[in-house]
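Subject: Structure handover

Hello,

Here is the structure I promised to pass on. Please open it first, then read the notes below.

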Amino acid sequence: MTKRFAAAVLRSYESRFTVEEVTLGARPADGEILVRIAGCGMCRTDLAVRRSAGRSPLPAVLGHEGAGVVVETGGPDTGLGVGDHVVLSFDSCGHCRSCLGAAPAYCDSFASLNLFGGRKENAARFTDAAGIALAPRWFGQSSFAEYAMVPARNAVRVDPSLPIELLGPLGCGFLTGAGAVFTSFGAGPGDSIAVFGAGAVGLAAVMAATAAGALTVAVDWHPERLALAERLGASPLHAASAGPPERIRRLTDGGAQYALDTTGSAQLINDALRALRPTGHLGLVARLHTALPLEPGTLDRGRRISHICEGDAVPGLLIPRLTGLWQAGRFPFDQLIRTYPLADINEAERDCDAGRVVKPVLIPAGTGR
């Protein structure tokens with residue numbers, strides 16, 4: 001089987017994406033599926049490849065928030081069939097201690113499978129029009145494309161009545177924010193959560209906290225993001241206002257039980273710790289690129305800090321929960337999305353970098369051949 005279709009290729013760390021015809025010359029192997037992509041979210045992890053100091057191999061097809069329809073399967077053990085609608089999430093090995101312990105985001109092979117080369121077996125390499133090989137699958141997907149060859153372990157079947165073209169961000173960005181609230185914190189009615197950064201991950205956490213019945217405060221620099229957080233159920237607080245920790249403590253009757261930082265800002269991380277009540281828990285989702293100085297007293301009285309990867313989620317459990325909440329009107333993630341044709345991927349990247357859009361979703365124009 002040779003399949004040719006359009007994909008967005010990143011050829012160097014400095015260049016823009018180019019939408020090109022690529023070739024996939026293999027059928028799905030055992031445990032794999034071929035998915036026609038209906039839509040793929042753009043995540044800041046995709047854009048961070050430009051700052052990866054050569055660790056992510058290029059040229060490559062990126063994209064790891066894909067959703068679409070299964071068009072071929074690699075045998076009976078995938079658990080999926082042709083025509084199934086699926087959301088694609090991160091890759092994991094399935095057999096290390098973390099995977100067996102229902103913590104696939106902490107898979108021993110997470111970095112190699114998702115970031116720095118993909119699976120060695122059945123790599124399903126793309127080639128470009130000149131026959132030059134492109135890097136193996138990004139996050140097991142490479143879904144900035146009309147098709148993606150995916151380990152079935154990455155795919156979560158969803159209700160075909162749902163708007164499949166919008167569901168991709170449930171596989172990473174929205175999964176991370178909501179998972180932090182539901183899984184990492186286990187938040188419920190009567191709890192309080194302060195969310196620092198009202199981007200895609202932070203606003204997903206706001207929606208999840210509201211759905212969980214928790215009192216929520218959202219902290220950001222941008223008034224329009226704060227207005228959106230307020231519509232989604234949070235009390236807005238400008239990051240530059242005087243004394244954010246004190247104001248959060250007043251709003252939460254003595255301090256938040258949980259705080260989530262999505263910014264990586266040392267000042268806001270220290271503010272988040274000061275805003276916690278005794279025994280409070282701060283979760284970090286942003287990757288830190290410099291040393292983190294903690295101010296004296298911020299970790300006193302039982303407060304703790306941890307890093308959260310992919311919302312500590314098992315995608316096959318959390319994604320159906322999120323779609324169910326959306327159907328019930330309690331997780332309106334579609335309000336955060338703006339769609340772009342795949343051909344406009346560079347415009348989507350510029351809008352994302354400039355903060356003009358919370359979550360860009362790229363829609364392939366055709367179906368390939």
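How many disulfides does a search of the whole structure find? The search finds 0, where a disulfide is a pair of cysteine sulfur atoms within 2.5 Å.

First, the ground rules. This is a predicted model: local features need pLDDT of at least 70, side-chain atom pairs count only at pLDDT 80 or more, and totals for chains, interfaces and linings use all residues. Residues are numbered from 1 along each chain as its sequence is written, and side-chain values use heavy atoms, with hydrogens and water left out.

Back to the cysteines. The sulfur closest to that of cysteine 96 belongs to cysteine 93, 3.7 Å away, which is too far for a bond. Cysteine 96 is buried, at 9% relative accessibility (buried means under 20% relative accessible area, exposed over 50%, partly exposed in between; 1.4 Å probe, protein chains only). For cysteine 309, the closest cysteine sulfur is in cysteine 172, at 8.4 Å, again too far for a bond. Cysteine 309 is buried too, at 15%.

Next, a sheet. Four strands form an open sheet in the order S4-S1-S2-S7, with antiparallel pairing (two strands pair if DSSP finds at least two bridges between them; strands are DSSP runs of E, at least two residues, and helices runs of H or I, at least four, numbered from the N terminus). S4 (60-61) and S7 (126-127) each have a single partner strand, so one side of each lacks a neighbour in the sheet. S1 (residues 3-10) is joined to S4 by 2 bridges. Leucine 10 has alanine 60 in S4 as its bridge partner.

Last, helix H7 (residues 244-251). Pro244, Pro245 and Ile248 are buried there.

Best wishes
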